[in-house]
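Hello,

The structure we discussed is below. My notes on it follow.

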Amino acid sequence: MWAQYSYGILVIMVAAVIAFYALARERDDLHKLLLLDLVEIVALGIIAMLGTDLAEALILPGLTVGIAELLALSQIYCTKEGIRNRPVMGLNIEVITKSDAPLILSIFLVAYGMVLSGFTGGGVAGLGLVFLFISRTYRNDLNLLEMASGISWAIWIFAFFVFMFLPQYWFVALMGAAIGILLKVTVKMSLVGTMWGKQHD
Amino acid sequence: MIDLVGGVPLYILEFGDELVYLTPYTITLFLLALTFTVLALISQPEKQIDIAFGGDAYRAKEISVDEMRFRRFMAIACGLATMGAMVTGDIFNFTLFTAMVGITNVGIVAAVKSPHVQDAAYQYGLVALAATVPLFAGAAVYAAVTGSLSMIELMKGTVPAVPLIAKGMLMLGVIGEGMAPFYAAKAEMFRAPGAPYVIMCSLSSLLIFLRVVEIIMLG
């Protein structure tokens, strides 16, 4: 059992050395940022090697902080290089934009996400919605989606307070947390889809 | 059996797995962070003035209100993250707060419309991003060896000793996030105008460094 973890850590260390070596050789600012994203995954790999529930709980905030840093740096890169208003094209594939296939696939993914529930379910359902929003040009008000995201986040946090202060109602809290995070992740990912589709002309 | 590194904990708040504890040392650091956050909140930003050497000519740099508003927000966020890092009793939370201080330090100067400052902020941000690897890895090794991330458990001395490599990685991560004594490397960023906000960069770096020394002495 220990040997497996040691091999895992060895593989991660080799990956880290390769990534940092690439980083040391790279001269282009943008490529450095992309390589650092890979390096970040190495850090998450080391945490994952804990192999316990705790690892899962630690990866999530680690990932969030990594993404936040990446977003902040890419924003600075855009300002630094004076890049603005670059049009993002949607998927210009006739089969996808005209037929019912994306709709059916999305419904399937959303339904499957509901069954899975929790964070994974949110990811699957969100992916379905992203796919739909990318294939169809969707230009409605985003405020409603943002509000839904905020409310579901509040449900999630509320469920955690129930866990802490009223542990005898753990089942209600579990369901609340599962539904809250499902909605939260779904909505957040579909927002990515609409933001992408927004400039689809 | 509690080791007296930062003084005896006066108060321990257990909040599920998370815990917050206050010793004379952490209270001092917390109050310092709080004071400077309040100062950043209420103070008026400076206007930077360039004086031509050898003459009477000078010119004031124009800074828009929007830019200052953004920087004040970032300075306050930096202060809050610093306060969190000062009182937390969980190693992983400490690393998260440290990473957040790293981002907000970049954020404080990122709104400045000077190519020098932006370039410096970007390069420093790259280093901070790379430093999250040893930072999180250090915390992971702490958890792997002792089975706990709680600093109170470390203080009690009932858990196995933390290997030097974990402490080293934690230290390397904190230094990479741009903390003292290496924040001199960020000097280029401090060219940015706006006195009370830029000071938050130095202050948060110093406080985080003081706290990490305490944490390393624990296990």
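In this predicted model, α3(A) meets α4(B) through Leu54(A), Gly62(A), Val65(A), Gly66(A), Glu69(A), Ala72(A), Leu73(A), Ile76(A), Tyr77(A), Thr79(A) and Lys80(A). On the α4(B) side the residues are Gln118(B), Asp119(B), Ala121(B), Tyr122(B), Gly125(B), Leu126(B), Ala128(B), Leu129(B), Thr132(B), Phe136(B) and Ala143(B). By class, this contact has 13 nonpolar, six polar and three charged residues.

As for the geometry, α3(A) covers residues 53–81 of chain A, and its axis lies 9 Å from that of α4(B). The two helices pack at an angle of about 175 degrees. An angle over 145 degrees counts as roughly antiparallel, so α3(A) is roughly antiparallel to α4(B).

For the chains as a whole, 28 residues of chain A are in contact with 26 residues of chain B. On the chain B side, the elements giving two or more residues are α3 (91–110) and α4. The largest share, 16 residues, comes from α4(B). By class, the side of chain B that touches chain A has 20 nonpolar, five polar and one charged residues.

Gly138(B) has 25 other C-beta atoms within 10 Å; the cut-off for buried is 20 or more, so Gly138(B) is buried. Leaving aside residues up to four places away in sequence, Gly138(B) touches Ala166(B), Met169(B), Leu170(B) and Gly173(B). Leu172(B) is 34 residues from Gly138(B) in sequence, with a C-alpha to C-alpha distance of 9.0 Å.

Regards

How values were computed: Residues are numbered from 1 along each chain as its sequence is written. Chains are lettered from A and ligands numbered from 1 in the order in which they are written. This is a predicted model: local features need pLDDT of at least 70, side-chain atom pairs count only at pLDDT 80 or more; totals for chains, interfaces and linings use all residues. A residue is buried if 20 or more other C-beta atoms lie within 10 Å of its own, exposed if 12 or fewer, and partly exposed in between; C-beta atoms are placed from the backbone. Two residues are in contact if their C-beta atoms, placed from the backbone, lie within 7 Å. Axes are lines fitted to C-alpha atoms, for helices over the stretch in contact, and angles run from 0 to 180 degrees between N-to-C directions. Helices (H or I, at least four residues) and strands (E, at least two) are DSSP runs, numbered from the N terminus. Angles under 35 degrees count as roughly parallel, over 145 as roughly antiparallel, 65 to 115 as roughly perpendicular and the rest as oblique. Ala, Val, Leu, Ile, Met, Phe, Trp, Tyr, Cys and Pro count as nonpolar, Asp, Glu, Lys and Arg as charged, and the others, Gly among them, as polar.
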